[in-house]
Amino acid sequence: MTTTPEKWDVLKVLNWTKGYLAEKGVENPRLEAEWMLCDALSLDRVGLYLNFDKPLSDAELAAYRGMVARRGKREPLQYILGTQEFMGLEFRVTPAVLIPRHDTEVLVTEAAKRGGAAKSILDIGTGSGCVAVALAKALPQCEVSSVDVSGEALTVARGNAEANGAAVQFFEGSLFEPFAGRRFDMVVSNPPYIPNHEMATLQPEVRGFEPAGALDGGADGLDFYRSIVGAAPEYLNAGGWLIFEVGAGQAPQVLGLLKTGGFTEETFTQTDPAGIERVVGGRL
């Protein structure tokens, strides 16, 4: 006597995955199950809803189970799917780069507001290239340069610039190291800003998978701000802007660093959608 193989259709798979991911502590288990299944089946979410009774092939089920197993270990969904949307653009992401956050869109928006007359911009710590690429698209008159200490990150960033049709020059090195003798109209940065003692308290997705070097900002989280503010006047044109993303609660301290560092012509802070002061800027 033969037994009928168990049928795994879309709805059954989604329901099982929702329960499994919830047990593992994933915050939006049903939504993430849908995104992974869309990827495995090459469907959008509408297509998924129209095919709830569609049985998965063995190959589809195997591919999907692999993704679910990774997510169950709290690997970020963006690394599993390989992409993240930022400023309406799609960026490829790997464990070599931080996953772009929508909070960082505030940095791009504020820099673009003040960059209308700028001819040159430098993005320090480019990672996936999301800030540099978005600024190059928003300010096509600008020559946008970006730097990162990680060659692996720069490989990802170059691919993202090409995929999004953005003209960005990429340099490998620490902070201003590759730019001796050059000056810019604006410098932007989303540097590492997590204090040492908080690294162990981050979400499992962050502390276990995202690059620690792009997160750890030293004892008080401000090491990179001090270094950049101290060196920036040598690399900025008169009246140039220095604009940062900052961590929650860091805006007053970073604003103080800017003012004591000579950025007194004009300063500002801007909140993110959650009401946290997320961007701080100053002008020479």
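**Close-up views of a predicted model**

**View 1. Glu32 is a buried residue of helix H2.** At 9% relative accessibility, Glu32 counts as buried (under 20% relative accessible area; exposed is over 50% and partly exposed in between, with a 1.4 Å probe and protein chains only). Helix H2 spans residues 29–41 and includes Glu32; helices (H or I, at least four residues) and strands (E, at least two) are DSSP runs, numbered from the N terminus. Leaving aside residues up to four places away in sequence, Glu32 touches Val26, Arg71 and Leu77, where contact means heavy atoms within 4.5 Å. This is a predicted model, so local features need pLDDT of at least 70 and side-chain atom pairs pLDDT 80 or more, while totals for chains, interfaces and linings use all residues. Residues are numbered from 1 along each chain as its sequence is written, and side-chain values use heavy atoms, without hydrogens or water.

**View 2. Seven strands form an open sheet with mixed pairing.** The order is E5-E4-E3-E6-E7-E9-E8; two strands pair if DSSP finds at least two bridges between them. Strands E5 (168–172) and E8 (266–271) stand at the edges with a single partner strand each, so one side of each has no neighbour in the sheet.

**View 3. Strands E4 and E5 pair in the parallel sense.** Five bridges join E5 to E4 (residues 143–148), and Asp148 has Glu172 in E5 as its bridge partner.

**View 4. No disulfides turn up in the whole structure.** A disulfide would be a pair of cysteine sulfur atoms within 2.5 Å. For Cys130, the nearest cysteine sulfur is that of Cys142, 17 Å away. Cys130 counts as buried, at 8% relative accessibility.
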